[in-house]
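Hi,

Here is the structure I promised to pass on. Have a look at it first, and then read on for what turned up.

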Amino acid sequence: MPINTIEKRLPSLRSRLLIAAAAWLIVITLSAGYLVPSFIKTYLVGQEEQQLKLYLDQLTALVDVTPDGKMSLSGKLSNPLFESPYSGLYWSLTINDQQLRSRSLWDTRIRGNKEEGFVGPNKQPLIVISREFFVPESDDPVNLSVAINKDKLNATVQQLTHGLWLILLIMAAGILALTWLQVSWSLSPLRKLQHNLKKVRNGELTELTGVYPTEVKPVIDDLNALLFHYQELLERARNHSGNLSHALKTPIAILNNEVALLNDADKTKLTPALLQLQQHIDYHLGRARMAGAANILTAKTAPSSRVDAISMAMDKIYAHREVVLVNELDSDLSIAVEKRDLDEIMGNLIENSYKWANSLIRVHQQSVDTDTVSIVIEDDGPGIAEDECNEALKRGIRLDESTPGTGLGLNIANELAHSYRGELILSRSPLGGLKAEITLPLPRS
């Protein structure tokens with residue numbers, strides 16, 4: 001899988017931090033929304049049971065059994081709700097077959113058990129506590145139960161739960177907004193760094209400027225040192241290759257002139273050596289130009305205009321061949337290749353087509369993905385056999401010795417393409433000749 005594709009799928013630092021914060025807030029909010037109402041309900045039920053125990057103690061003190069075994073109360077409870085029908089507060093006394101109950105129960109009784117729950121009048125859910133004790137006048141135990149309606153408690157818990165959820169959601173939204181502001185503020189130096197790097201790529205800056213946090217400052221200093229060193233090396237390589245080219249031209253020209261004056265036997269001996277010398281010089285100067293492509297970070301060239309310029313030059317050189325080049329490249333297309341390197345690449349490929357085309361050369365583009373584009377140069381010449389395409393890209397290889405050349409053009413174009421993480425592929429063209437498809441990077445937005 002391409003690295004660029006993997007990088008696009010990875011979330012940004014901001015997204016990672018916000019997703020982590022949101023996930024943690026969801027866990028905390030859900031936990032609090034579930035546990036806090038449960039704690040509140042347990043607390044309220046405990047409070048109600050404590051109150052019921054007080055009533056239970058009062059009733060225990062008021063229970064009286066006559067000598068003939070009849071049960072009665074010697075007084076009344078202090079809470080008037082025990083006297084109001086279906087009030088929600090009830091008590092019940094049972095001994096043998098006798099049962100006394102509060103007036104609030106009216107004509108009903110407390111039903112149910114602990115496992116399934118207790119219900120009272122009108123199917124009210126109840127909280128019930130019970131006690132079994134003995135009185136001196138009877139050998140049978142007295143069963144005493146006190147109950148309270150659970151609806152009010154449930155309504156209170158529900159109301160508190162709704163309020164709690166509202167508070168939790170508002171708090172979570174506030175914390176998430178604060179986290180977003182914090183993350184944005186914390187990452188602002190990285191956005192500034194990205195903006196400055198874009199300016200460096202576009203040639204607006206030669207180094208990263210501005211004030212950065214202590215944690216980022218060492219990285220900025222190292223990047224600036226690297227950029228300075230890189231530009232110095234590139235400019236020095238460019239200057240050296242130019243100086244070497246000028247220094248070698250005159251001696252080689254003199255040697256060629258002198259060899260031309262020799263007899264055929266000596267000329268036959270020296271000409272291959274001079275040709276080999278010229279090939280080595282051309283190759284290594286091409287490599288030096290490739291390594292010394294200045295401002296490669298800011299490179300941005302329109303291939304359509306360069307193809308037109310190269311075509312005009314080739315039309316003059318190969319006017320006798322009457323070859324027509326059709327440029328179908330978009331005029332607004334730009335690629336991330338330095339101008340002189342693109343001239344070297346396209347010049348070698350187009351010149352090769354001019355040498356071999358019968359009448360037509362076609363230059364057009366094919367989209368590969370969002371980061372690269374393929375430029376296709378094809379002709380209607382004899383072409384190259386499929387099994388020889390890879391061989392033609394090797395240094396100094398000439399498949400046809402009858403045509404002038406050094407055998408370096410395709411190799412230099414291939415290595416220049418690789419220096420920009422591109423690729424050159426040779427194959428048969430639908431026009432009948434050679435198809436050179438070169439993939440090159442697009443400028444990063």
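The largest nonpolar core has 37 residues, and M346, L349, I350 and L426 have the most contacts inside it. By nonpolar core I mean a set of buried Ala, Val, Leu, Ile, Met, Phe, Trp, Tyr and Cys residues joined through side-chain atoms within 4.5 Å. Buried is under 20% relative accessible area, exposed is over 50%, and partly exposed is in between (1.4 Å probe, protein chains only). Two or more residues each come from α6 (303-317), α7 (339-356), β10 (360-367), β11 (372-379), α8 (389-392), α9 (409-419), β12 (423-428) and β13 (434-441). The top contributor is α7, with 6 residues. Helices (H or I, at least four residues) and strands (E, at least two) are DSSP runs, numbered from the N terminus.

Before going further, some housekeeping: this is a predicted model, so local features need pLDDT of at least 70 and side-chain atom pairs count only at pLDDT 80 or more, while totals for chains, interfaces and linings use all residues. Residues are numbered from 1 along each chain as its sequence is written, and side-chain values use heavy atoms, with hydrogens and water left out.

What is I350 in contact with, leaving aside its neighbours within four places in sequence? The list is V307, I310, M314, L325, I361 and I377, where contact means heavy atoms within 4.5 Å. Apart from this core lies another one, of 25 residues, with L56, L77, L93 and V146 among them. In soluble globular proteins, nonpolar side chains tend to be buried together.

Next, the helix pair. The axes of α6 and α7 are 10 Å apart, and the two pack at an angle of about 45 degrees. Axes here are lines fitted to C-alpha atoms, for helices over the stretch in contact, and angles run from 0 to 180 degrees between N-to-C directions. That makes α6 and α7 oblique to each other; angles under 35 degrees count as roughly parallel, over 145 as roughly antiparallel, 65 to 115 as roughly perpendicular and the rest as oblique. On the α6 side, the contact is made by P303, R306, V307, I310, S311, M314 and D315, and on the α7 side by K339, L342, D343, M346, G347, I350, E351 and Y354.

A few single residues deserve a click. V373 lies in strand β11 and counts as buried, at 4% relative accessibility. Its C-alpha atom is 6.4 Å from that of P441, although V373 and P441 are 68 residues apart along the chain. N224 sits in helix α4 (residues 217-260) and is buried too, with a relative accessible area of 15%. Leaving aside neighbours within four places in sequence, N224 is in contact with E207 and L208.

Most residues other than glycine have a negative phi. K123 is not a glycine, yet has a positive phi of about 60 degrees; K123 lies in the loop between β6 (117-119) and β7 (125-133) and is exposed, at 70% relative accessibility. R421 also has a positive phi of about 60 degrees without being a glycine. R421 lies in the loop between α9 and β12 and is exposed, with a relative accessible area of 75%.

For the overall picture, the protein chain has 9 helices and 13 strands, and 36% of its 445 residues count as buried. Among contacts between residues at least 6 apart in sequence, 61% join residues at least 24 apart.

Cheers
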